[in-house]
Amino acid sequence: MDQERHQALISPPHVLFATSEMFPLAKTGGLGDVCAALPAALAALGADMRVILPGYVSALDQAIGKRRLATLPEGGVLLLGRAPGTGLPVYLVDRPDLFRRPGGPYQDPEKQDWPDNLRRFAALSATVAALALHGDGAGWQPDLVHANDWHTGLAMAFLALAGTPRPASLFTIHNLAYQGNFPLDEARALGLPEEVLSPDGAEFYGQLSCLKAGIRYADHITTVSPTYAREILTPEHGAGLDGLLRARVADLTGILNGIDSAAWNPAGDPELAAPYDAQRLGGKAIAKAALQRELGLDPAAEGPLLISVNRLTHQKMADVVLQALPALLDDGVQVALHGQGDPALEAAFRAASAGREGRLAVRIGYDEALAHRLHAAADLALTPARFEPCGLTTMYAMRYGALPVTRPVGGLADTVADIGAGDPAAHGTGFTFVEPTAAALVAAVHRGSAVFRDKPAWRRAQKRVMLQDFGWQASACRFLALYGRQVAMMAGVSPHPAGPSWERHLAAVCETETKAA
Ligand code: ADP
Ligand code: GLC
């Protein structure tokens, strides 16, 4: 056995965690949150984690203590710095021609996709693979590459085609709906190997699918909840990739996302005037009154305050929420909505708020701090989805004592239990509805309002919801067990050789979770 590889089992694994988003360096949604909190949780358990992401302007501005490690073959440099807050080591692929631009990670300021997105993320993926195969030039090399979503899918192909020995690879699907599909000619012009462009590779209905590359070539695949892991094997939820996923089912694991319980903590949230927790809820009433003032909502309203902090997209049923607004307001519910997305929906929500001041507040945009204040103020949180791989917003809402109104799909089915018709104080954590219609949504909110009026029952339900454990510990342990197994398989050794110290450490900190993985 290769001495160096055996070492990987005795000592904590070195993992290169590849992503296009990492909060606060870059974030457009849940991917950014997970790719900050998960590597931090894994590092806290002892793994040697390093993140790699594009050198966007926001990332270059915020990363701490950056230093140059190497020049990149096609221009630009590889930097190594630290993430603010967690201090995690972060490689930034500083390609000014590709990543130093105004606008977001994927779109220009007018919300049009950057026309060279394939070139941008193929370059990111190539740098990930090169670092993995040859080291960072400063003595660090991973035992495993953990790539996330389509932006880093090609890294899995580059690694697989490099032959052995090579680091093991793991690919996490955060959302099958975003596939990174591009014309094959564009891929050829970039010099991507023909093998990758073939149907047995990552060709997908006449295009190159970067997501398919991740699924096809990674040694192991995970997705962000157990229910979504089952759903994506079906034509209904497989987004055209269910056949490939079924073929790889033996290598597919659903591991539920956690939340960063320090960043999303009502007892220590700098956005709130008065901290609160499940035992002392006074601060929540203060947060509600402050938000009502801020958004011009009637402070004397008797019904619940229903919030929505979500991308305004088909996935999040924003069209159905819009349709449901009049009935919700007629039912005495106060609504505060914050989001951005489909321009037609943005305009329609703005228009809907006209003349409904005091009862409906619409704030189009993206504001992290406002998201925190909204969760703290909320009685009910509307988080419906036609499909939902995991759904962090729903967990944030629960931690802040806002009961979710949502559909039992994907990760939502794994995190929310319907309060049902019995004693609301006894069981359940939210109000779910099955049909993706405005009528069903309104009926579920109506059930929520009824429980809200029964104050003692409401308080007990709220307390129970707030005490749910959505932390990363259990899931991080499952990832560590998976890392160990994949590294061992790549090294051709048993995943549980007699008594190596890292395995013992892992068993001690994780106990049952490692056995379950
Ligand atoms: P998704 O990743 O599909 O958008 P999640 O619920 O998993 O769904 O994660 C969404 C993340 O994006 C959460 O952190 C949520 O607070 C944040 N978010 C969504 N829209 C906004 C917004 N308009 N302003 C601030 N944060 C937002
Ligand atoms: C995706 C999914 C969301 C998930 C997030 C983080 O954006 O839409 O459900 O929570 O990724 O994994």
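Helices here are DSSP runs of H or I with at least four residues, strands are E runs of at least two, and both are numbered from the N terminus. This is a predicted model, where local features need pLDDT of at least 70 and side-chain atom pairs count only at pLDDT 80 or more, while totals for chains, interfaces and linings use all residues. Residues are numbered from 1 along each chain as its sequence is written, chains are lettered from A and ligands numbered from 1 in the order in which they are written, and side-chain values use heavy atoms, with hydrogens and water left out.

Let's start with ligand 2. Its shell (residues with a heavy atom within 4 Å of the ligand) holds 14 residues, and His-174, Asn-257, Glu-388, Cys-390 and Gly-391 come nearest. Helix 2, residues 30-44, supplies the largest share of that shell, namely three residues. Sorted by class, the shell around ligand 2 has six nonpolar, six polar and two charged residues; here Ala, Val, Leu, Ile, Met, Phe, Trp, Tyr, Cys and Pro count as nonpolar, Asp, Glu, Lys and Arg as charged, and the others, Gly among them, as polar. Domain 1 (3-258 + 472-516) and domain 2 (282-466) each put at least three residues into this shell, with the bounds taken from an automatic or database domain assignment.

Now for the polar contacts, meaning N or O pairs within 3.5 Å; within protein, one atom must be able to donate a hydrogen and the other to accept it, and residues adjacent in sequence count only if both atoms are side-chain atoms. A polar side-chain atom of Glu-388 sits 2.6 Å from an oxygen atom of ligand 2, and the side chain of His-174 brings an N or O atom to 2.7 Å from a ligand 2 oxygen. Cys-390 uses a polar backbone atom instead, 2.9 Å from an oxygen atom of ligand 2. Taken alone, ligand 2 exposes 310 Å², and the protein buries 92% of that; these areas come from the Shrake-Rupley method with a 1.4 Å probe, and for residues only the protein chains shown count as cover.

On to ligand 1, which has 20 residues around it, the closest being Lys-27, Gly-30, Asp-33, Arg-311 and Thr-393. Because domain 1 and domain 2 both give residues to its shell, ligand 1 lies between them. Helix 15 contributes the most, with three residues. The Lys-27 side chain places an N or O atom 2.8 Å from an oxygen atom of ligand 1, while Gly-30 reaches a ligand 1 oxygen at 2.7 Å through a backbone N or O atom. On its own, ligand 1 exposes 550 Å², of which the protein buries 94%.

What about the cysteines? With a disulfide defined as a pair of cysteine sulfur atoms within 2.5 Å, the count comes to one. That one joins Cys-477 and Cys-510, with sulfur atoms 2.0 Å apart. The pair links distant parts of the chain, Cys-477 in helix 19 (residues 473-491) and Cys-510 in helix 20 (residues 501-510), 33 residues apart. The link is left-handed, at -75 degrees about the S-S bond. Cys-477 is buried at 0% relative accessible area, where buried means under 20%, exposed over 50% and partly exposed in between (1.4 Å probe, protein chains only).
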